[in-house]
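Please keep the sequence at hand while reading.

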Amino acid sequence: MTFVVVDNCIKCKYTDCVEVCPVDAFHEGPNFLAIDPDECIDCTLCEPECPANAIFPEDDVPAGQEQFVALNAELAKAWPVITERKEPPADAKDWDGKPNKLPLLQR
Ligand code: SF4
Ligand code: F3S
């Protein structure tokens, strides 16, 4: 199993999640983070840390967001590791909770 970052992280990217990951499984893109399924040890620590509720176990991803399982695996291979929290985008709060942000994902 692995944990997965889903739609609501896009353009919120609070990065609180990266501080607790014991295996540095988070990878950073321009406006989204992805978890490397080959690194994640299912410790569950990151899930409650996300202010946007954007982290789920892969077996419990919200309906309609199943594509994020494969997307995390793909993007984690392409993006660098992030281990330290950074300031979120200035408009993160405005985007928190907006549905269907996938077309806004930057690679
Ligand atoms: Fe890292 Fe644990 Fe979250 Fe997996 S579940 S990404 S190991 S903090
Ligand atoms: Fe994204 Fe939540 Fe982490 S918004 S960057 S998954 S804290």
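The text takes the ligand shells, then the core.

The model is predicted, with local features needing pLDDT of at least 70, side-chain atom pairs counting only at pLDDT 80 or more, and totals for chains, interfaces and linings using all residues. Residues are numbered from 1 along each chain as written, chains are lettered from A and ligands numbered from 1 in written order, and side-chain values use heavy atoms, without hydrogens or water.

**Ligand sites**

Shell residues have a heavy atom within 4 Å of the ligand.

The shell of ligand 1 includes Phe 3, Phe 26, Ile 35, Cys 40 and Thr 44. Around ligand 2 stand residues including Lys 13, Asp 16, Thr 15, Cys 50 and Ile 55.

**Nonpolar core**

Such a core joins buried Ala, Val, Leu, Ile, Met, Phe, Trp, Tyr and Cys through side-chain atoms within 4.5 Å. Buried means under 20% relative accessible area (1.4 Å probe, protein chains only). The largest core has 32 residues; Phe 26, Phe 32, Ile 35 and Ile 55 touch the most other members. β1 (3-5), β3 (33-35) and α1 (67-78) each supply at least two of its residues. Helices (H or I, at least four residues) and strands (E, at least two) are DSSP runs, numbered from the N terminus.

Contact means heavy atoms within 4.5 Å. Leaving aside residues up to four places away in sequence, Ile 35 touches residues including Phe 3, Phe 26, Ile 55 and Ala 73.

Definitions and conventions: Buried < 20%, exposed > 50% of the residue type's maximum accessible area, 1.4 Å probe, protein only.
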